[in-house]
Amino acid sequence: MNANAPSSSSGGAGSPDVNAPRRNSKRPKYSRFTQQELPACKPILTPKWVISAFMLVTVVFIPIGLVSLFASRDVVEIVDRYDNACIPPGTKSQKVQHIQDARSNKTCVRSLTVTKRMKQPIYVYYQLDNYYQNHRRYVKSRSDQQLRNRGDENDTSSCDPENEANGMSIVPCGLIAWSLFNDTFSFSTRNNSQLNVNKREISWKSDRDEKFGSDVFPKNFQNGSLIGGGRLNESIPLSQQEDLIVWMRTAALPTFRKLYGKIEVDIEEGETINVVLENRYNTYSFSGKKKLVLSTTSWLGGKNNFIGIAYLSVGGLCFLLASTFTIIYLVKPRHLGDPTYLSWNRNPGGH
Amino acid sequence: MSAGARSKKKLHFSKIYSFNCGRRRFNNDDDHSQIGGPGFSRVVYCNENGVSEVGNQNYADNYVRSTKYTPLTFIPKSLFEQFRRVANFFFLVTAILSFTDLAPYTAVSAVLPLIVVISASMVKEGIEDWQRKQQDHEVNNRKVKVHRGGGVFEPREWKKLRVGDVVKVEKDEFFPADLLLLSSCYEDAVCYVETMNLDGETNLKLKQSLDVTSTINEDSSFSNFKAGVKCEDPNASLYTFVGTMEFQGQQYALSPQQLLLRDSKLRNTDYIYGAVIFTGQDTKVIQNSTEAPSKRSGIERRMDSIIYFMFFIMFLMSFLGSIYFGIVTKKDLNGDQQKRWYLAPDRSDVYFDPNRAPVAALYHFLTGLLLYSYLIPISLYVSIEIVKVLQTIFINNDIHMYYEEADKPAHARTSNLTEELGQIDTILSDKTGTLTCNSMEFIKCSIAGTAYGRGVTEVERAMAKRMGSPLIVNGRDHYFDSDSSLSVKGYNFEDERITNGYWIHEQRSDVIQKFFRLLAICHTAIPDVDEETGKVTYEAESPDEAAFVIAARELGFEFYKRTQTTISFIELDPVSKKRVERTYELLNVLEFNSARKRMSVIVRDEDGKLLLLCKGADSVMFERLAKNGIEFEENTKKHVNQYADAGLRTLILAYRELTEDEYKAFNEKFTEAKNSVSADRDDLIDQATEGIEKDLILLGATAVEDKLQQGVPECIDKLAQAGIKIWVLTGDKMETAINIGFSCSLLREGMKQIIIILESPDIIAAEKAGDENVISKISKESVKKQILAGKAKVSASTSDPFALIIDGKSLAYALHDDIKNTFLELAVRCASVICCRSSPKQKALVTRLVKEGTRKTTLAIGDGANDVGMLQEADIGVGISGVEGMQAVMSSDIAIAQFRFLERLLLVHGHWCYRRISSMICYFFYKNIVFGTTIFLYEAYTSFSAQPAYNDWYMSLYNVFFTSLPAIALGVFDQDVSARFCLKFPLLYQEGVQNTLFRWRRIFGWMLNGVSSSIIIFFLCIRALNPESYRKNGKTAGMEAVGATMYTCVVWVVNCQMALAVSYFTLLQHIFIWGGIILWYIFLLGYGALPASISTTAYRVFVETLAPAPSFWFVTMFVSIAALVPYFSYKSVQMRFFPPYHGMIQWIRYEGNCDDPDYVNMVRQRSIRTTTVGFTARSIARDNNLYHLNLERHAPK
């Protein structure tokens, strides 16, 4: 633009030049930022980029998928559903009465066959189905204060409806603690040698150290008119009640496993494990399944093919896309900047 | 005081001028009888300040406030403003409800984001209001001289003025309040007032005080001045004022003639004295001010619809959830049978009570709303506000929109419309001062049938450009000639035959002499002689007038002195070749008005000859020529037509000699007419003048160029290529408007003109008869007929472009409710629309018609106060911050210094802002849908008990920290193509006009993308982590681990999605996008390190449970990639095979074809719809014509 702007300032002659120039005083400062000219990378999805991106994902994902699958394949897992099997045949139709009847015999023996050698540690889990530990009423019903500090014993306001019994505060209060899982399992091998279950360190360390006090003892627990789940030894502080600690870390989904203990010996292939269990916990009234799970772990965790399969599928999908794109690009090279697709060319109108 | 000013002082201007607004006597005393009654109760004691303030006390002070808030009202009022927004109000309700048991999260986590968001908005409000306060402060602290007592005047701030004060206002100062004029520097106490800020009229108005006070015109004489004024109460009527003044024991009636309104300006008068009558809020201009309409952009309106849609989804989710919840809860207890006994349904409170399941479901519905409120982006409004403020900063700082000459950068005054700039469908432009400079330059003349003047007009230049050759005159190109010797404003005449006194050698030098004498005498300008340099400057009513006097001066007829009865000028004596002084006696001025279209003066020259000198429009002048005066008629007519073609304003000059008797007869009649008080006074005057302005002898014609502003044709061409329609709404005459239309390529040959006017004989006859009803009926019929005929013509021809030209009178009828839609239909089908002679109100009405009729975005651009209505009515008002006062700028949304900056404002900033805002809003909803849907899906696994998987603080900080900054960065910095390409491919602008980036399809596309991402994230996460152990130590993932992993995936996905969506990756984008992700990990670390009582479920969750697990990292990785694959594939296909227009330009840039002109042109041409206005269209039309001609020529015979 030329500087010879027609002198547009001032209408008629003689109007005063009010803003006599302090020249350029309001001129915006030049900077690449204010002029929006910052150096920038302007990525654009060229065939090369698209194919390389897909191929990169393929190349990274397929090996990870394979490794994960191998890791998962090495894991040995035995799952045994026992909720139905452990009800005496005669009481099948009154499962709930049976389980609620304090006098009925709830001992049950199961035998499991080890299909593959299991290296120690072998983790013992119980798995519950259709059990809403994530129900909001349930999740809320606990008192972290009380669990942590002896002094906050009476801090049970959040524990409703399981906050006090017989006029005294319950420790630990709340529905979660109240409904503590109380089936027990003991394991022996075919030759009747006992398999010890180590129940130490099955909970998170931070829970033991920080969330459950070492000077807080169960008190007035399961003393109410209604008894929920398991009882607690009142002479052991909460920080060592690891079953409770595990139970109180609520599960995310209605199907969940919780760690019961560890068997710290190897078990050979073909071995049969006899399980003597006390089937006390009521899942019958809401038709929840109960399963006993023995599993080793790999570096990736338990027997879960999902991650491996997911990696392989995503990798495979990307490979498929990469090849499709390659083919399309080769078969149908399109002249760039062909404007025939523009909406306003398709339906011309207006000016 | 200068000598010139002193000489002026002796003049009785009231006698020289016969302005319509001149003094009139009162013949209706009815109004005055009301004084003292209701509505007329104001009593003002003038000049009693400091003596006794009784009576003046309770009137408002002169402090004017334009701020929205005061320090006291700021908090409540701005809070109220904030919560008027539905979304904000919703969040307020959720925040309040979060204190009850209903809330699925802690109250503080819900309140904090709201506080952050609301306070950010309030801070912005506060800053804006503070800036307004600064402006107020500036106005209120202006100084004016106030009588202190004892005849001494001292400067005082405006805000301290009191009713009754006597002030002295000097030349070119604004009146600080509504004043009663007491006296002025002139003996007859007249003064000139420019009321542009009030009504947009640029001509000066004459005001005059009462005779009794006119003599009190010295500072000292005010020491004993006392007067009492009784008048009407404050009201908004600008043109009425009723009051009486009691002075020296006598009552005098006051009229608007004595009232000087605040915000008007004293012109051509050295000083006046006035008494303050109305102050501050009571002044008429402030009473008149309507609150500026608050404008909202179309995008924001649509955004509201999206928010309502999201509300609907949210309610639906909540509703379904609560129904399911109610059913499941009810089943939990069946008599004594408890299903989910671990929930203790028998001992439940009301929220979960199976016995009252419907109530529980109802409560749960509310809880659900609280939980799903994460679907609504709480930070959206504030983010948009931040983004828009930053965008306006970019606009304000654009160096390409800075106008060097006037030192004015662009200034976006409101920040809430930036994206509308990218969607303009129609521009409604003012002409004068916007397209043209409003500086008239005397450029050509035709004297005695000979054409003089070698200047080149803009039109000639444009035409030359069209012909493909730059017009070279005198060996140089004028347009680009910067150091022209012709730097005299208003004068661009060069012709060596006339300049420098050479005219005496011309054949008809006698006519030339008469011609320029006429220019030097026949006008109403006032000279002002600079004492030192002897240079004369002029104060004239209009720029044309000034141009004539200046031209005469430059050519040696220097008008330098006007007294009440004489006009003096210096001229070159052709015989003695000396400069001699001549003084003519001025007898009468027959002033110009739009009906007469001419002005005359009657003078007696030094020889005692009586002359009537007349100049006027060709339409009225040629018919008034004497039989012996038509010697040059043919040539002059030819020249006038040529000048008009070249876009010039022409006037015909003629004169006549009068005999004494003739004059005497006329003067009697004229004086009588002027002094009459009857209603037909004007008619009488017309009759008197009609009788004498005849039998004229033609001298020649003048041509004045209404200069186009720099770069206007180019800009219009670009805008036309961008597919923007341009309408010109002007108050000018049709001829002028058409001329300008040609010069800026809005009109061209080959374009069919549909002209709608009311000049058919029957209408004229009806007008003569004067029956209003008949006139309006006939006129309306006629307009209707013309519109329908026009429509038929347009429909009949598909190929030819049409131009619609309509004048103000017809427009008034065309805007009637029953025909306005037909009119609009016709108008939108024409390539150009020009409305001439339109009033400010009509401009606003036309704007409203276009806005509401087409439902498209309109932009109005103008510079004068007469454009205010239009600027406020349009979706966006752009003010030209030129010279015509600040009124337009003050009511505009964006002020630019030159019309040509519109190109960059729209095509670059508009396009970017539109793109940024629409992408940002889409992204905002996307990210919240991703997040909200994972919450909802999780609910399905908790039997809809409204337990979120996430920690409270993850949820509340999602919008504020982890995902907002990249979105804001997108909104501020993203560019699809650079500014250079925006301008190179103007059609890119159509993306905004057609709203391709924010149509429902795209919005739903983004929503769908959000839902699909969310589903992928949720199911992959829960399946990958559950129920098996997820790490080597055999532990299983609890709710906190699943929640944190899922949240990590969400943060990754939405940020990576952003990375894919951005097309302009600066360092800042990197910082914000990757920073958002890193911030999340840092937060997780930091929050997890807090004591368990604070961090609850997040306690050491990262360090202890997640980070050591390889599966956590693996899951994050594949979930993030998997969730992005659909979008990435879609985008790749689209970019390659169905690229949007900006995508094509990106390809061009990427492939480096942008410097290959053929290629670029090919793409551009193929994608361009043919434009019909602009010089490109002109040249194409010309090429086509040639092409067809060639075809015909070569066709086989």
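Biologist: Let's start with one residue: is B:Asp353 buried or exposed?
Modeller: Happy to, and do bear in mind that this is a predicted model. The side chain of B:Asp353 meets that of B:Arg356 in a salt bridge, at 3.4 Å from N to O. B:Arg356 is partly exposed, with a relative accessible area of 41%. The cut-off for buried is under 20%, and B:Asp353 has a relative accessible area of 8%, so B:Asp353 is buried.

Biologist: How many residues apart are A:Asp243 and A:Lys199 in the chain?
Modeller: These two form a salt bridge, with their closest N and O atoms 3.0 Å apart. A:Asp243 is partly exposed at 30% relative accessibility, and A:Lys199 is partly exposed at 25%. A:Asp243 sits in helix α7 (residues 242-248) of chain A, while A:Lys199 lies in the loop between β8 (197-198) and α6 (205-211), so the pair links distant parts of the chain, 44 residues apart.

Biologist: Which three residues supply more of the area that chain B buries against chain A than any other three?
Modeller: Chain B and chain A bury about 12000 Å² between them, with 61% of it on carbon and sulfur atoms. Of the area that chain B buries, 7% comes from one trio: B:Trp341, B:Tyr342 and B:Phe1137.

Biologist: How many of the eleven residues of helix α39 of chain B are buried?
Modeller: The helix covers residues 1141-1151 and is largely enclosed by the rest of the structure. Its buried residues include B:Tyr1141, B:Met1144 and B:Trp1147. Just after α39(B), B:Gly1152 takes a positive phi of about 70°. The count of buried residues in the helix is eight.

Biologist: What is the relative accessible area of A:Gln36?
Modeller: Most residues other than glycine have a negative phi. A:Gln36 has a positive phi of about 60° although it is not a glycine. A:Gln36 lies in the segment before α1 (47-74) of chain A. This residue is buried, and its relative accessible area is 8%.

Biologist: And what is the relative accessible area of B:Asp695?
Modeller: B:Asp695 also has a positive phi, near 55°. Its place is the loop between α18 (681-692) and β28 (697-708) of chain B. B:Asp695 is partly exposed, with a relative accessible area of 41%.

Biologist: Which backbone oxygen does the side chain of B:Ser892 reach?
Modeller: B:Ser892 is placed in the loop between α27 (887-890) and β35 (894-896) of chain B. With a relative accessible area of 2%, B:Ser892 is buried. Its neighbours, not counting residues up to four places away in sequence, include B:Arg413 and B:Leu871. At 3.5 Å, the side chain reaches the backbone oxygen of B:Ile894.

Biologist: How far apart are the end C-alpha atoms of residues 309-331 of chain A?
Modeller: An unreviewed UniProt entry places the feature "transmembrane region" at residues 49-71 and 309-331 of chain A. Residues 49-71 are 100% helix, with end C-alpha atoms 33 Å apart. Residues 309-331 are 100% helix and 0% strand, and their end C-alpha atoms lie apart by 32 Å.

Note on methods: Residues numbered from 1 in each chain as written. Chains lettered and ligands numbered in written order. Predicted model: local features only at pLDDT ≥ 70, side-chain atom pairs only at ≥ 80, totals over all residues. Heavy atoms only, no water. Buried area = accessible area lost by both parts, 1.4 Å probe. Helix = DSSP H or I, 4+ residues; strand = E, 2+ residues; numbered from the N terminus. Buried < 20%, exposed > 50% of the residue type's maximum accessible area, 1.4 Å probe, protein only. UniProt positions renumbered as here; feature names shortened; annotations may be inferred. Polar contact = N/O pair within 3.5 Å; in protein donor to acceptor, adjacent residues only side chain to side chain. Contact = heavy atoms within 4.5 Å. Salt bridge = Lys/Arg side-chain N within 4 Å of Asp/Glu carboxyl O.
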